[in-house]
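Visitor: Please take me through one part of this structure in close detail, beginning with a single pair of residues. Then show me what else there is to see in the model.

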Amino acid sequence: MSRAYNFCAGPAALPEDVLRQAASEMLDYHGRGLSVMEMSHRSDDYVAIAETAEQDLRDLLGISDDYAVLFLQGGASQQFAMVPMNLMGRDDVADYINTGQWSAKAIKEAKQFGKVNVAASSEATNFTTVPPQDTWQLSDNAAYLHYTPNETIGGVEYDFIPESRAPLVADLSSTILSRPLDVSKFGLIYAGAQKNIGPAGVCVVIVRKDLLERAGDQVPTMLRYKVHAENGSMYNTPPTYAWYLAGLVFKWLKAQGGLTAMEQLNRRKAEKLYGYIDASGFYSNPVEKHSRSWMNVPFVLADEQFDKPFLKEADAAGLLNLKGHRSVGGMRASIYNAVPEAAVDALIDFMKDFAQRHG
């Protein structure tokens, strides 16, 4: 069987080694005679899987004991509500930076739970850049500062970690584990799994333990970080199979050399693709160079009449899911950790051939 190159923004490509191991363990996990997805989450076997996955993630990111690591359901979108519910009172204000559609969704949700100060926005430039921090209008007493380090749809990424007196909260869904990260700079990190962590169905939350005490009595039990932290993310039945697969991905990342090795690979992939786009004369990327995403590379063709033929031919060539988000159009190549450098090379070769034939 020949596998295609998958450039989907999410659910995204998974490492082939992980898929093969999961397939080999599907019917019989380590001689137990059943699948992981059939196990009790309270069993010794599954608890070991869960604890190992958490420890491997802590190892990869250097997460200290000052932080709780949670494996939750509801995706990053549920965190748009859980963050303000747990960290902001009705009379508090939270600062948000708006750099695209995911930032905007987080802002809209937070407004249901307290006061929101949009301290900076790049909407006026059609979300093609990150506003410099010296232009931000931060509150004096913010409960937290929220930002989206990488906007998956627009392909906009911060090249810095913001400085903040308030706890820093980040939606790292589409850039987590793509390079080393100083977790100690953050109060809370959340990330939907379906990009660099594993399959859809689990959301990782890394929260500083002192912040667990902020939630008021009005917050429903299942939406309290403290409850999940005290119960090892097993207050109810967790997404067991997705958690298991995430654990396999963490093992795979360690085997690749960890996040320093992934940083080198991801930087090289992105530089190759942007380099070709910029030099092509047929393709273009709208994002300011200092704000370009390593993970999500949007591009447009010289004439949109070529969009459909491009996608049809790319699909036939085994280059899948290159259509841009429906809200912005054009193309988008998501080149997460599990997308090999060979996939980027194949895409560039295809783009060159297409441009020669249609330019």
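Guide: N296 faces S334, a residue of strand β14, in what is a predicted model. This pair belongs to the contact between strand β12, residues 296–301, and β14, which run antiparallel and are joined by 4 bridges. In general, the strands of a sheet are held to one another by backbone hydrogen bonds, in either a parallel or an antiparallel arrangement.

The sheet as a whole is open and has 3 strands, in the order β11-β12-β14, with antiparallel pairing. Strands β11 (283–284) and β14 (331–334) are at its edges; each has a single partner strand, so one side of each has no neighbour in the sheet.

Strand β2 (residues 67–72) pairs with β10 in the antiparallel sense over 6 bridges, and V69 has I206 of β10 as its bridge partner. Strand β9 (residues 188–192) is also antiparallel to β10, joined to it by 5 bridges, with G192 opposite C203.

Consider next the largest pocket, with a volume of about 580 Å³. Its lining comprises 27 residues, and E157, Y158, D159, R179 and W294 are those nearest its centre. The lining has 14 nonpolar, 3 polar and 10 charged residues. Helix α7 (residues 258–280) contributes the most to this lining, with 6 residues. Because domain 1 (16–256) and domain 2 (257–358) both give residues to the lining, the largest pocket lies between them.

Notes. Residues are numbered from 1 along each chain as its sequence is written. This is a predicted model: local features need pLDDT of at least 70, side-chain atom pairs count only at pLDDT 80 or more; totals for chains, interfaces and linings use all residues. Side-chain values use heavy atoms; hydrogens and water are left out. On a 1 Å grid over the protein atoms alone, a cavity is a set of points where a 1.4 Å probe fits but cannot get out, and a pocket is an open set with protein on both sides within 12 Å along at least five of seven lines; lining residues have an atom within 4 Å of a point. Grid points are joined across faces, edges and corners, and a volume is the space filled by probe spheres set on the points. Helices (H or I, at least four residues) and strands (E, at least two) are DSSP runs, numbered from the N terminus. Ala, Val, Leu, Ile, Met, Phe, Trp, Tyr, Cys and Pro count as nonpolar, Asp, Glu, Lys and Arg as charged, and the others, Gly among them, as polar. Domain bounds come from an automatic or database domain assignment. Two strands pair if DSSP finds at least two bridges between them.
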